[in-house]
Amino acid sequence: MKLYEYLVEGVKHFTLIDPDKSVDYLRIAKHALDAGTDGILVGGSLGIRESQMAQVVRDIKTMAHVPVVLFPGSLTQLTEEADGVLFLSVLNSLDPYFIVGAQVQGAVLLAKHFPRLEAISTAYILVGDGGAAGFISMSRPIPYTRPDIAAAYALAASYIGFKAVYLEAGSGAPQPAPPEMVRAVRKAFPRILIVGGGIRSGEAASAVAREKPNVIVTGTLAEERPEKLGEIVKAIKSGL
Ligand code: 1GP
C-alpha cells in the first residue's frame with residue numbers, strides 16, 4: 001500500500017523520534033511499537049546529519065512493521081531508507097526560504113538521489129506556542145483563539161493541492177491545539193490531516209481524535225514517559 005493511502009485512512013497514532021534528542025531511540029521505538037503505534041516519524045529542528053538519519057531509520061526499520069516516515073527539519077535529514085517523507089512547506093513562515101526555498105533544494109535532492117522515496121506534500125501550519133519549529137522557521141503561529149484563521153490556511157492548502165496539512169502546536173507545547181481549531185481545519189481540508197504538539201494524556205488525545213484527523217503525533221511523551229504511549233494509543237482507537 002502506498003503511504004498516502006495508509007495515512008488518509010482512519011485515525012492513526014504516530015510516534016515522533018528526534019534523533020538529536022534521543023540517543024536511546026531504539027528503546028523508544030520498541031515502547032511505541034509495543035503500545036500499538038501506527039507509524040514512526042523521524043526528524044527534528046536541529047543537529048541531525050544525513051548519515052545519522054540513514055542509520056537511525058535503518059535501525060528502526062529492523063524492528064518496525066509500520067511505516068517509518070521522514071519529518072525533516074532541514075535538508076540534511078533526507079534518506080531513502082524511509083518509507084516516505086513529509087515534504088513540508090511552512091505556510092505561515094515569514095521567510096520565503098521555509099515556504100519554497102528549502103523545497104526547491106530538497107526537490108532536486110529527492111529527484112536525483114532518493115527517487116524511490118514517496119513524498120507527501122504537506123502544508124505545515126504552526127499554531128499556539130509553535131515551539132522550536134516555529135522559532136527556527138521564522139513563523140507567526142496562529143493564536144488558539146482564532147480557529148477561523150487556521151481554517152483559512154487549511155483551505156488555501158486544499159486549493160493549492162497539498163496532500164496533507166500538519167497542524168502543529170510545537171514540540172513540548174504547553175497546550176495542544178484546541179478541539180475547535182482541529183474541527184475547523186478538518187472541515188476545511190479533505191485530505192490527510194496530521195495534528196501534533198503538546199499531547200500528553202489520554203484525555204487530550206481523545207479530544208483531538210474526536211475531530212477525526214488522520215494522524216495524531218506524540219513526541220515529547222515518547223521521550224519522557226514512553227510507558228504512557230499505550231494510554232494514548234488506546235484513547236485514540238477507542239474514540240473511533
Ligand atoms: C512536534 O507535533 C510534534 O513536531 C509532537 O509534539 O513533542 O509535544 O508531542 P510533542
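This is a predicted model: local features need pLDDT of at least 70, side-chain atom pairs count only at pLDDT 80 or more; totals for chains, interfaces and linings use all residues.
A residue is called buried here when its relative accessible area is under 20%, exposed when that area is over 50%, and partly exposed in between.

Helix H4 takes in residues 96-113. Its buried residues are Phe98, Ala102, Gln103, Gly106 and Leu110. The spacing of such positions can be read against helix geometry: an α-helix has 3.6 residues a turn, so residues three or four places apart point the same way. The cover over the buried residues of H4 includes strand S4 (84-90) and strand S5 (118-126), together with helix H5. Gln103, one of the buried residues, is also where H4 bends, by about 30°. As for length, the 18 residues of H4 should span 26 Å at 1.5 Å a residue, and the end C-alpha atoms lie 24 Å apart, which agrees.

Turning to helix H3, residues 50-63, one finds Arg58. Arg58 has a relative accessible area of 37% and is therefore partly exposed, since that class lies between the limits of 20% and 50%. Arg58 can also be placed relative to Thr79: the two are separated by 21 residues in sequence, while their C-alpha atoms are 9.6 Å apart in space.

Conventions. Residues are numbered from 1 along each chain as its sequence is written. Side-chain values use heavy atoms; hydrogens and water are left out. Helices (H or I, at least four residues) and strands (E, at least two) are DSSP runs, numbered from the N terminus. The expected span of a helix is 1.5 Å times one less than its number of residues. The bend at a residue is the angle between axes fitted to the seven residues ending there and the seven starting there. Buried means under 20% relative accessible area, exposed over 50%, partly exposed in between (1.4 Å probe, protein chains only). Contact means heavy atoms within 4.5 Å.
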